[in-house]
Amino acid sequence: MSGARLAAYGRFQLTDYVVSRALLPFAMILLIAGVPRLGMSHGMSGDYWLSRQGAQFARQMYVQAVMLFLPLGAYFATAGAISSDRQKGFFRFFFSKPVPATRYYLQQHVVHGLGYVALFGLLTWLWGLVTLHQSLHRAMEAAALTWVLVGGLGFALGALIRFDGAVLAITYLVASATQSMAASPQGALMPRWLVGLARLLPPAEALSATRLRLIDGLAPEAEQLWHVAGYGAALWIIGWLALRLRPLQR
Amino acid sequence: MTEPTTQGRAVIVLDGVAKTYRSLLGREVHAVQDVTLAIGAGEVFGIAGPNGAGKSTLLALLLGFLTPTAGTLAIDGLVPRAYVERFGVSYVPELMALPTTWTVVDALRRLAVLSGVPKDQVQAEVERVIETLAIGAHRGKRLRALSKGNFQRVGLAQALLLDAKVFVFDEPTHGLDPVWTQKFRDMVNGLRRADRVIVIASHNLDELERLADRVAIIDKGRIQQVVAVHGGETTARIAYRLRVAVGADVVLARLPGATLLANGDIDVPAIDLAALNAAIAAAIGDGALIAGLAPRESALEQAFHSAVGRGA
């Protein structure tokens, strides 16, 4: 019975995603990627993008947009999605109704994730209209993988703590920085505890590498793919357990 | 420890319930302590207490938003969270908190869907509660544009979307004007049903006196006393104020301890109803004419003040 209620509520969760969480990254991407494109459009006809130089340029800009949008869009889609209901007291209205909080937030997570993947598909399609066609299928796979990790991290943190947005951003940036350092030739100079920390943190670098391979149409490295997917799934389970076991009011 | 008492079949049962908060430094705050209580079907049960007494914590435990650190709490035999997830509770919290970008009608539609109102009846149900709470003029307004009283009416409206067996109101008339305070009372009387429990937490003793069958007086996290509001008038010792048209001296002679006030009224110290009537009858027999009689405080107020002190 609560499944039907929640399914019916899904359209409101999708509206919330579009209105509160999608418009800002969408506008940012249009501004950051679209304005330079418009500025450079003088003298760049449709034929230009078909040339080797044009294709390379379009590809380079697209990859930059991907690297910017995917983590940022996932951040906007997940930060505060659970914790703000708790902090602002909205949960009192939602969960005095016959609705389990775990199912409500799992559905919200899935709906936001689908919205995020669709939004990135839309951006890729728009990109193709003004420059060169990029594979929608690969773009959406890359977005889905990003959602598994970044969305999973946001889900777990939102269920567990109060300032999940800030902690999510810091964790992801620290993970990215330490893992890229560890993978570089300077990695050998890193103290052991920092290497250990880099290994423990969410696999941001593996995600980045897998994402790029997907966009380039290459098969992802299985080890990296499973690391990202497994880590994301574990975070998701932690979030679910926190919602199930911890009181809604803290 | 308070003995469990109930009017009908016990729906809500608390047994030795406690909630203690512990800070990181190990400091303990006992928000609720050793509460044992049973609330029966068909009952309107009040919870009265000063600020910080533990009323809202008790309600949060009842709704399963918090878990007790000791004791057990059940609604219809289920732990509160399981009960609420399965059947829902019509709840109006003390603090109205909904996303303020939502419009009134949008908020009610969403909460109707979560309440389990069938899809084809959502609009009709939303219209029904909008009409009941007379918020039609505000239906398209964003919640942030509403006055406190109108926001509170939206809170009451959403509680009516669910045909629940348990209603919980936390300071329900907070922010309502006198007209809507009266309408709320009518609403609660309309909600009374043999299989339904209505719990109302309030500072307002007058309100509880008018609505509740029993009132638990809570202070410092403990239930100090449970007062049966109705039917206790004949035995309770209550202080009265008398207005005497003729023969104040005669009345004073018949009521030991009574004092004459500057405006001519007489304050009578706590006395039971039979003794008061006997004294007045005797004074009238001696030639006094009584123009008015009113209790200086109700049995509930008296119990409240004796439990928590006059300063509360």
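In chain B, four strands form an open sheet in the order β11-β12-β10-β13, with antiparallel pairing; two strands count as paired if DSSP finds at least two bridges between them. At the edges of this sheet stand β11 (259–260) and β13 (289–295) of chain B, each with a single partner strand, so one side of each is left without a neighbour in the sheet. Helices (H or I, at least four residues) and strands (E, at least two) are DSSP runs, numbered from the N terminus.

The model is a predicted one, in which local features need pLDDT of at least 70 and side-chain atom pairs count only at pLDDT 80 or more, while totals for chains, interfaces and linings use all residues. Residues are numbered from 1 along each chain as its sequence is written, and chains are lettered from A and ligands numbered from 1 in the order in which they are written.

Strands of a sheet pair through backbone hydrogen bonds, either parallel or antiparallel. The antiparallel pairing of β11(B) with strand β12 (residues 266–271) of chain B runs over two bridges. T259(B) has D267(B) in β12(B) as its bridge partner. Helix α9 (residues 273–285) of chain B packs on the sheet, where it touches β10 (238–246), β12 and β13 of chain B. The direction of α9(B) makes about 145° with that of β12(B); axes are lines fitted to C-alpha atoms, for helices over the stretch in contact, and angles run from 0 to 180 degrees between N-to-C directions.

Chain B as a whole holds ten helices and 13 strands. Its C-alpha atoms fill a box of roughly 75 × 50 × 40 Å, taken along the principal axes. Of the contacts in chain B with a separation of 6 or more, 71% are between residues 24 or more positions apart; a contact requires C-beta atoms, placed from the backbone, within 7 Å.

Chain B also meets chain A, in a contact that takes 26 residues from chain B and 20 residues from chain A. On the side of chain B, α2 (80–87) and α3 (104–115) each supply at least two residues. The largest share of that side, five residues, comes from α3(B).

Within chain A, P71(A) is found in helix α3 (residues 52–78). P71(A) is buried because 21 other C-beta atoms lie within 10 Å, the cut-off for buried being 20 or more, with 12 or fewer for exposed and partly exposed in between, for C-beta atoms placed from the backbone. Leaving aside neighbours within four places in sequence, P71(A) is in contact with T146(A), V150(A) and Y172(A).

Definitions and conventions. Two residues are in contact if their C-beta atoms, placed from the backbone, lie within 7 Å.
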